[in-house]
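Open the model in your viewer and keep the selection tool ready.

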Amino acid sequence: MSGADDAVLELRAVHRTHGSGPAAVHALRGVSLVVRPGELVAVMGPSGSGKSTLLALAGGLDRPTDGEVRVEGQPLGALDRRGLAQLRRRRIGYIFQQLNLLGSLSAVENVALPLELDGTGGRRARAAALAALAEVGLPALGDRFPDQLSGGQQQRVAIARALVGERRLVLADEPTGALDSQTGEAVLHLLRRRVDAGAAGVLVTHEARHAGWADRVVFLRDGVLVDTTAPLGSVEQLLSGSDR
Amino acid sequence: MSIRHGLLALLERGQMYGYQLRAAFEESTGSTWPLNIGQVYTTLSRLERDGLVRPLPESEAGQRPYEITDAGRADLALWFATPVSRTDRPRDELAIKLALALTTPGVDVRSVVQAQRSATMRALQELTRLKYGSNRPEDLPWRLVLDSMVFQAEAEVRWLDHCETSLVRHQPAPPGPPAPRPGDADASDAARWADEEARR
């Protein structure tokens, strides 16, 4: 397939099989997908269609059985564990339904953590974390601990952590989980804004209302991309190299 | 909803003439329901006939404003107090189409479902974009109209998902005349007869 020079994320004919022999489960079967800067792609599909597997592969949390995943042109398969961890900390932000905030750290410390792990000095990391908290509308709550924040505020802290620094790829897995519709919408608004500012985003969701925020919606069924709402030109590109 | 009650609601804000009513109507429905001026005047004359509005003297510019009457206010209050009945809405063409697709030989129902889902999803993206662009406080009525369309589209996609899941489990019956359903007169009669036969 043709390369995508400016792609932030590129999946090339990616397969992921769990197990082997007759018990093998083919989670993804030849999926190709390109996500460019300023583009938010929603992935929809029934349970077990491969949505979360796709996201895990895109974020380097899992490796494909066949095919290639590239982030900003870098094939993830060529990186060792350390290189992969570094790329994940620097370039990729994750927003999960489970927030994974550390209860013993304040909001600002939670947000600063990926930067500090990456060697950024404490003061610089804190300043960046405060800026990220301001971006999600929590400029004054940095010193609170997770259990002193509402569910919506905790989710915003988790988003700030995903957006802090120079993250170019934001991956969100059902990010509005247990939030009420207004708070959930605010979360998507933030994601949209970051993407409009030049990041690339992938949003896994089973809610059509949330997928409505995306520029493009792709549908997975049984591990295969079956459809997309993209204009026709891009459909060719999107599906080229896939099993279809 | 009727244009009639829409115009009454607008006149409750104050007197207006035809073009003002049309502009205000379109503004409050975010231009999702375009009206032509002919519809406005036809509706006004019916409202006048029914005593719900009354015409005022023409302005110097030749425009004739209308105002709501007490009877009009009562009618409007009743409208707001009465829930919209689901049976007043048009029949759902999509549901009928899918039901027919399922029983028509040679139709790939999953493709029908998927094509519809993509189209509805595209509409949802469009609606969301419009919403994203309407952030001013005065946009609230328009945003709520958009939200209503968003939720309806979402419900349609959920229903399509449900259809798809049901299709996976579906074992098609051999084509032929429809089988009697439990509760159909002849089926229950047959069961009763069989029952009596057994008792004898």
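Is Glu174(A) buried, partly exposed or exposed? Glu174(A) is partly exposed, because 19 other C-beta atoms lie within 10 Å (buried means 20 or more such atoms within 10 Å of the residue's own, exposed 12 or fewer, partly exposed in between, with C-beta atoms placed from the backbone). This is a predicted model, in which local features need pLDDT of at least 70 and side-chain atom pairs count only at pLDDT 80 or more, while totals for chains, interfaces and linings use all residues. Residues are numbered from 1 along each chain as its sequence is written, with chains lettered from A and ligands numbered from 1 in the order in which they are written.

Stay on Glu174(A): it sits in the loop between β7 (169-173) and α6 (181-196) of chain A (helices are DSSP runs of H or I with at least four residues, strands are runs of E with at least two, numbered from the N terminus). Its phi is positive, about 45°, although it is not a glycine.

Next select Ala13(A), in strand β1 (residues 9-18) of chain A. Ala13(A) is not a glycine either, yet has a positive phi of about 40°.

Last, select residues 140-169 of chain B, which form helix α7. Its buried residues include Leu146(B), Val150(B) and Cys163(B).

Note on methods. The expected span of a helix is 1.5 Å times one less than its number of residues.
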